[in-house]
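Here's a quick briefing to read with the model open beside you.

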Amino acid sequence: MKGTDSERTEAGFKVRTPVDEARQVLRDAVERAGDGTPATGTETLEVERADGRVLAAPLESARNVPHYRRAAMDGYAVRAEDTFGASERSPEVLRTAGSAEDEGTTVDPGAAARVHTGSALPDGANAVVMIERVDRVEATGELEVEDAVAEGENVAPIGEDVDEGQQLYDAGHRLRPSDLGLLRSAGYARVDVAKRPTVGVVPTGEELVDGDPGPGEVIETNGLTVSRLVERWGGRATYRDIVTDDPESLRVAIQRDLTKDVVVTTGGSSVGERDLLPEVIDDLGEVLVHGVGLKPGHPVCLGIVEDTPVLALPGYPVACIVNAVQFLRPTLRWLEGTTPEPHPTTQAVLERKIPSEPGTRTFARVQLEERDAEEDEPAFGATPTRASGSGVLSSVALADGWVVVDDDREGIPEGETVAVQNWEVNP
């Protein structure tokens, strides 16, 4: 997509690529050299450190869980046939054979051994009578069993939880705390996972400052926000110093971070005189998409340089966040060999109309409040904080989520039930 600065400025964004098409173009570029393994590479981690990481290979259980017959209740291990006919009125009397924890304990005919939940079942036993169904005769040490049990009753058999060789997880599964416990039980101390995607985050703009701003200066926030989003989404961000609007400085900044899995810039992505990044990206590599049909944030630029995706996000804070969610988040997932999970949503009744242009996907920030609702009606109302104003950061920071107006709709009327995307909840 080569072209001069003047050509870009004159063309503007007369044609904007639909969001889904732009995302697919980016995905094709990210995955075109893929061979089925994570593009980020793999590493081996101790299971206890693997929470939230993505498995690089499928896993089968290395052993039975449990690997021994165990008591499922506190009580006494018995031979089931010794309890047949036992009742509260006519208990069966058994002698004590010690405890399952005592080495060499065996349950012979007419005997019972004390067991606790999880104890290995002693040799000879095939059932467990619950402790509350047994009375101990102190004078003789004998046991009166008031309940007849069947063979296998109150006993967890070998492999009850997981069989050796059973398929546990496919490659690409994101591990949760419960998964870690199962893997440890199934014989794994370490697992192979995709490396976390690395991201160079480069804020750009000669008006940006880190300290107190003077007239015409703006505190840098986009790079901070994006770098924290990267970390929340499972990546590793390197938050760079501000780079001024100078072609050579921008070129050097992008080339420096081509060792990362992704390069993200903020600001300078539109078609003004100081919006130099699309030209720099195109000169270093290829601009895939410049201008997308979403609001706020249509002047996003998606490119590829030396097989590294380069995402030039708009400088307005809300536009920057919207594009990060729509393009950076899925890029991190594709690099590690997965796809992004849908955001959780809350059903709500729209309290005020949301305007939108046909052909543009609009992300309207809303606040949620509980409402008096009839049965089967949403319990919340959604009030737009702002449908426009891509520079008003508080409209996102103080919102509970956003409502997505699809490309083919011309707004959403007041009173319609909408799905509020809680985009900050699901990493």
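Let's begin with Asp307, which sits in the loop between E20 and E21. Its phi is near 65°, a positive value in a residue other than glycine, and at 60% relative accessibility Asp307 counts as exposed. Keep in mind that this is a predicted model.

- For background, most residues other than glycine have a negative phi, and most peptide bonds are trans.
- Asp376 is another residue with a positive phi, near 75°.
- You'll find Asp376 in the loop between strand E23 (361-370) and strand E24 (380-386), and with 79% relative accessibility it counts as exposed.
- Val65 and Pro66 are joined by a cis peptide bond, with omega at about -5°; Pro66 is in the loop between strand E2 (59-60) and strand E3 (70-71).
- Lys295 and Pro296 are also linked by a cis peptide bond, here with omega at about 0°. Look for Pro296 in the loop between strand E19 (294-295) and E20.

**How the chain is divided**

**The six-stranded sheet**

- An open sheet is built from 6 strands in the order E16-E13-E17-E21-E20-E18, with mixed pairing.
- Strand E16 (236-239) and E18 are the edge strands; each has a single partner, so one side of each has no neighbour in the sheet.
- From one strand to the next, the twist averages 20°.
- Strand E17 (residues 262-266) pairs with strand E21 (residues 308-313) in the parallel sense, over 4 bridges. In that pairing, Val263 is opposite Val310 in E21.
- Helix H2 (residues 19-31) packs on the sheet, where it touches E18, strand E20 (301-305) and E21. The direction of H2 makes about 160° with that of E18.
- Helix H6 (residues 277-284) packs on the sheet too, touching E17, E18, E20 and E21, and its direction makes about 140° with that of E18.
- How much of H6 is buried? The count is 6 of its 8 residues, so H6 is largely enclosed by the rest of the structure. The buried ones are Leu277, Pro278, Val280, Ile281, Asp282 and Leu284.

**The nonpolar cores**

- The largest nonpolar core has 38 residues, and Leu311, Phe327 and Leu328 have the most contacts inside it.
- At least two residues of this core come from each of H2, strand E13 (198-203), helix H4 (222-232), E17, E18, E20, E21 and helix H7 (317-335).
- Which element gives the largest share of this core? That's H7, with 11 residues.
- Leaving out residues up to four places away in sequence, Phe327 touches Val19, Ala22, Arg23, Leu26, Val292, Leu294, Val300, Leu302 and Leu311.
- Another core, of 17 residues, lies apart from the largest one; among its members are Val202, Leu277, Cys301 and Val310.

- His290 belongs to strand E18 (residues 286-290). It is buried, at a relative accessible area of 12%, and its side chain reaches the backbone oxygen of Ser269 at 2.7 Å.
- Thr17 is in the loop between helix H1 (5-11) and H2. With a relative accessible area of 18%, Thr17 is buried, just as a cut-off of under 20% requires.
- Not counting residues up to four places away in sequence, Thr17 touches Ala22, Val289, Gly291, Val292 and Gly293.

**Pairing around E5**

- As a reminder, strands of a sheet pair through backbone hydrogen bonds, either parallel or antiparallel.
- Strand E5 (residues 92-99) pairs with strand E9 (residues 143-145) in the antiparallel sense, over 3 bridges. Here Val93 is opposite Glu144 in E9.
- E5 also runs parallel to strand E6 (residues 111-115), and 3 bridges join them. Ser99 has Arg114 as its bridge partner in E6.

How values were computed: Residues numbered from 1 in each chain as written. Predicted model: local features only at pLDDT ≥ 70, side-chain atom pairs only at ≥ 80, totals over all residues. Heavy atoms only, no water. Buried < 20%, exposed > 50% of the residue type's maximum accessible area, 1.4 Å probe, protein only. Polar contact = N/O pair within 3.5 Å; in protein donor to acceptor, adjacent residues only side chain to side chain. Pairing = 2+ DSSP bridges. Axes fitted to C-alpha atoms, helices over the stretch in contact; angles between N-to-C directions. Contact = heavy atoms within 4.5 Å. Core = buried A, V, L, I, M, F, W, Y, C linked by side-chain atoms within 4.5 Å.
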